[in-house]
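Me: I have a structure open and would like to learn how to read it. Could you walk me through some features one at a time?

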Amino acid sequence: MNTDRFNPGHLVTHKWENCFTIDKHSWGYIRTSGVNDYLTIQEILYQNITTVSTGGNVLINVGPTSYGKISPIYEERLRQMGSWLKVNGEAIYNSIPWKYQNDTINKNVCFSLSFQKNTIELILGAPISSSNTSITLLGSDVGSLSWRSAGTSGGIVIELSNIKICSLASNWAWVFKLQNSSSEEQQFRLNQINKIPEYYSTERAFFNFETNSFERTYPYVYDGSNWQISLPNMNSDSEVMSSLLAACKFVVRIGILYEHKSTARIFYGSGFLLTDRFVLTCAHNFDVVEWGKEKVPHSKINICCCDPANESLFSLSNPSPLLIEAKLICRGLYKDKMSDYDYTQSSTTDLALLELSKPATHIEKNECFNPKLTSSSFLSNSYPINSKLYLIGYNGELQDIDDLMPYKYLNDFNNLSVDKLNLYHNVNDKSVSVGRLINSLITDQYSAHNCTTLPGSSGSLMIDPTGKFIGVHIGVTNSRRGKTDEIFFTKETFNKFIPIYSKEFRAFIDETILSTIHNDTLSKNWKYVSTQDMDD
């Protein structure tokens, strides 16, 4: 992607290029341009630095005269940039984007550039020091700089008093080189050494043969006063649209932290608020993980109600204050006897209830999610095959080509790419996927659907063709494992959900939700459950 003067200011998943010209107004040569019509060297370096720190390429244009000559002001800017790169080029040509593009404390720092005159200290909030950390200034003969830790939660304070401005080898912006400092990327490498658990895809994206393209999701858009969504072939005043808009504020993203010795890993899921304090999601989001020969349970659960809810909000070193910590109230039914050290089995009920440490402020105190249930909601034969279904949740961002391995035997996915799937699924945004009911009961408690999803969507809520709540999305069904234990999909691999009409879901509502959440409105919303014969 390349657009004139395009600079998103944050890390994006696709390849992109910032194309700009030194003349602020034209790509050609204008004889009447004054000195203020050209970018200063500071402005040019700012564009270079911020572009590289967010993963982009830079294309800089100079407009020659009609005789093909470069005017002196262009030559000056290019020579200035060349002199700066001669000293600091390592930060441009021999670096990759970091988790943070600007520091969490010093917003003038683009990792890792710029300090001001008369400054004796530079405080960085994102890097985490270690006993072997060393810091140098590129182009300086001062050697290693003194530093100290900014606090127990991370951060570094760099001592600048020994640096004389007159002795600097470059002007305008400066590069500090940090070696052996900890970061989430270095944590990732440490995780690899310590055999961090592999993530196996349990979500399935789909191909639409009618449009000859990959299925996509539809994001919610805030118009300044309300959330809106545009779906193909749907009236804005339909009952389904009303339910989708009403459900938007209840859907949340869940980050589940696992820690083992010096390593850590966050997995993601979706869920939805039943009230301002309780979240319904799926149980397998909290399964124990095998770390080497040890079984490790989750150590922390955070809930995010934001849209978008980028993974950076769940940062280990600098978590967003918008996160709300939660605790697990129950996984599965009482008869399942699931502990934190258990896996969710096919025979156990894949539902879980979370309680927030404080109320979600965007939900009124007595406000509840309304499933719009009726007595017919509990009859599986009331939903014919191919009935339209709507899934509301978050899709996680795919990172590398290994995430595409499950699709390797599907001919329709020959042109598949990580960037394409991320784009089509509006990763990190709350969005709606439209699909159909494939099988009303593939087992006693699961139904199959083909709403397209990516990892991180397990726990999403689902709505039926009339706008009523129909169940909770769980993951894939009928996937296969290869000789090397890798997962792959076939044409018979679909997504699954636990429907409201299953005996297990009804039992979970009766013995967990209604017995835990004492709210008259919620009890009224789910009243049809208790009138059903659980032996049906």
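Me: Is Arg31 buried or exposed?

Reply: A word on the source first. This is a predicted model, where local features need pLDDT of at least 70 and side-chain atom pairs count only at pLDDT 80 or more, while totals for chains, interfaces and linings use all residues. Residues are numbered from 1 along each chain as its sequence is written, and side-chain values use heavy atoms, with hydrogens and water left out. Now the general idea: buried means under 20% relative accessible area, exposed over 50%, and partly exposed in between (1.4 Å probe, protein chains only). Arg31 counts as exposed because its relative accessibility is 76%.

Me: Where does Arg31 lie?

Reply: Helices (H or I, at least four residues) and strands (E, at least two) are DSSP runs, numbered from the N terminus. Arg31 is in the loop between strand S2 (17–21) and helix H1 (41–53). From C-alpha to C-alpha, Arg31 is 9.7 Å from Ser71 in space, although 40 residues separate the two in sequence.

Me: At roughly what angle do the axes of H1 and H2 cross?

Reply: Axes are lines fitted to C-alpha atoms, for helices over the stretch in contact, and angles run from 0 to 180 degrees between N-to-C directions. The axes of H1 and helix H2 (residues 72–93) cross at roughly 30 degrees and come within 11 Å. Contact means heavy atoms within 4.5 Å; among the residues making it are Ile44 and Leu45 of H1 and Met81 and Trp84 of H2.

Me: Why does the span of H6 agree with its number of residues?

Reply: The expected span of a helix is 1.5 Å times one less than its number of residues. For helix H6 (residues 503–516), the 14 residues should span 20 Å, and the end C-alpha atoms are 19 Å apart, which agrees. H6 also has a kink of about 35 degrees centred on Ile509; the bend at a residue is the angle between axes fitted to the seven residues ending there and the seven starting there. Ile509 is one of the buried residues of H6.

Me: Which residues does the cis peptide bond join?

Reply: Most residues other than glycine have a negative phi, and most peptide bonds are trans. Here a cis bond joins Asp307 and Pro308, with omega about 0 degrees. Pro308 sits in the loop between strand S19 (300–304) and strand S20 (324–331).

Me: What is phi of Asn233 near?

Reply: Phi of Asn233 is near 60 degrees, a positive value in a residue other than glycine. Asn233 counts as exposed because its relative accessibility is 81%.
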